[in-house]
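Hi everyone, thanks for coming along. Today I'd like to take you through some pockets and then stop at one residue.

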Amino acid sequence: MAAGGASIRIALLLGQTYVQHGDYAAAERIYRKALQLCPDYPIVRSNLADALVHQGKEDEAKAVFVAATEAAPETRKEYPRTWITALNLARLYHTQHNNADAINVLETARRNYPETWELISYESELLREANKLDRAIALVRPFTENNWWHFGATMALGRLYTEKGEVDLAETTLRRASLLDIHDTQALNLIALTRVNQNRLEEACVAQRRAISRQPDEPRQYILLSNILDKMGHTAEAQDALAKVSHLRTLAEAPVAAN
């Protein structure tokens, strides 16, 4: 760049390198130069605003985010992922404990980008934090219906149903999530915990053993199983599960033998 070979891609890479080293002031300078090259590039605007936030310049960052968000309907014709500025503006509002404006920004962005999971996901999380579970479910459920293969959305819907106390809907949704990613254990763990809360311990044990079959080397899975077995009065089996935890941790701490 010093030799006059600047391009938008080089500027972005250099700015990201400064960010990785925690030098946000240098990143800000680079991103401002990048905007001189390409004033409407949404990723540069978003990165500049992020660098400003890290320096405590929140008002200036907000102005950059707002301008980029307002320009998104036009800039989206030339640039991908222009919705990211709206997402980052909502995150900034959230850090300022202003969830009302954060949700308004996301609702506006969704009208332009109706099938963007990142926007839906963050808005639903803000609604969940505000205990507006019905609104969050109404937001996530249509996306899962239109994108049946999406693990993250299905898992999010299962969690929302669980938190609302819709146990049967939660289990159906979580079982579907467990089929969408046959290596993941989140859905099975949540099913097991829900069954424990219902005192349906046999079903909890079955779900947790399935989780172990997916992650046989993960100590946490055996701890959960041990807790369930202990509640069932299966003390010996619970102790065996804890012994497995100790064995796995010993293996993890053992030094690697040199060839």
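Before we start, a word on terms: a pocket here is an open set of grid points with protein on both sides within 12 Å along at least five of seven lines, and its lining residues have an atom within 4 Å of a point. Helices are DSSP runs of at least four residues, numbered from the N terminus. Please keep in mind that this is a predicted model.

Let's take the second largest pocket, which holds about 170 Å³ of space. It is lined by 14 residues, and the closest to its centre are Val66, Thr69, Glu70, Val105 and Thr108. Which elements give two or more residues to this lining? They are H4, H5 and helix H6, which spans 99-112. H6 gives the most, with five residues. By class, the lining divides into eight nonpolar, five polar and one charged.

Now the largest pocket, with a volume of about 240 Å³. Among its 15 lining residues, Ser46, Asp50, Val53, Phe65 and Asn88 are the closest to the centre. Helices H1, H3, H4 and H5 each supply at least two residues of this lining. Its classes are seven nonpolar, five polar and three charged.

Is valine 64 buried or exposed? It counts as buried, because its relative accessibility is 18% and the cut-off for buried is under 20%. Beyond its neighbours within four places in sequence, valine 64 is in contact with Arg45, Leu48, Ala49 and Leu52.

Definitions and conventions
Residues are numbered from 1 along each chain as its sequence is written. This is a predicted model: local features need pLDDT of at least 70, side-chain atom pairs count only at pLDDT 80 or more; totals for chains, interfaces and linings use all residues. Side-chain values use heavy atoms; hydrogens and water are left out. On a 1 Å grid over the protein atoms alone, a cavity is a set of points where a 1.4 Å probe fits but cannot get out, and a pocket is an open set with protein on both sides within 12 Å along at least five of seven lines; lining residues have an atom within 4 Å of a point. Grid points are joined across faces, edges and corners, and a volume is the space filled by probe spheres set on the points. Ala, Val, Leu, Ile, Met, Phe, Trp, Tyr, Cys and Pro count as nonpolar, Asp, Glu, Lys and Arg as charged, and the others, Gly among them, as polar. Buried means under 20% relative accessible area, exposed over 50%, partly exposed in between (1.4 Å probe, protein chains only). Contact means heavy atoms within 4.5 Å.
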